Amino acid sequence: IIVDVRSVTEYKAGHIPGSKNYPLDSLQGKLKELKKINKPVITVCRSGARSGMAKGMLQKAGIEAYNGGPWKSLKNKIA
C-alpha cells in the first residue's frame with residue numbers, strides 16, 4: 001500500500017490514486033491499522049525526507065516499509 005505522509009492540503013493538491021494520506025505527525029496513531037493490513041508499505045512525500053522518517057517509524061513498529069521518495073516520481077513509475 002502507498003502511504004502519503006504529506007499534509008492534507010498537499011495531498012488534496014495532487015496524489016497517487018488509491019494512496020492513503022496519513023500526515024507524518026499523525027502516522028504514529030495509524031500503526032495498529034497498518035499492521036492489521038499486513039502488507040508492505042511504500043511511503044511518499046514531496047521530496048523524500050518525510051517519507052524516509054515515516055519508513056523508519058514503520059520499520060520500528062515491525063511493518064515492512066520502503067521509502068518511495070517523491071510522490072510524483074513514484075506516480076510516473078507506476079502510471
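Reader: What makes E33 and K30 a salt bridge?

Author: Their side chains meet at 4.0 Å, N to O. A salt bridge is a side-chain nitrogen of Lys or Arg within 4 Å of a carboxyl oxygen of Asp or Glu, so this pair counts. Bear in mind that this is a predicted model, where local features need pLDDT of at least 70, side-chain atom pairs count only at pLDDT 80 or more, and totals for chains, interfaces and linings use all residues. Residues are numbered from 1 along each chain as its sequence is written, and side-chain values use heavy atoms, with hydrogens and water left out.

Reader: Why is E33 called partly exposed?

Author: E33 has a relative accessible area of 34%. Buried means under 20%, exposed over 50%, and partly exposed in between (1.4 Å probe, protein chains only), so E33 falls in the middle class. K30, at 27%, is partly exposed too.

Reader: How many salt bridges does the structure hold?

Author: Three. One of them joins the side chains of D4 and R6, at 2.8 Å from N to O, and both of those residues are buried.

Reader: And what does the bridge between E10 and R50 tie together?

Author: Those two side chains meet at 2.9 Å, N to O. E10 sits in helix α1 (residues 8–12) and R50 in helix α3 (residues 49–60), so the pair links parts 40 residues apart in sequence. Helices here are DSSP runs (H or I, at least four residues), numbered from the N terminus.

Reader: How do you know that E10 is partly exposed?

Author: Its relative accessibility is 22%, so E10 gets that label. R50 gets it as well, with 23%.

How values were computed. Helix = DSSP H or I, 4+ residues; strand = E, 2+ residues; numbered from the N terminus.
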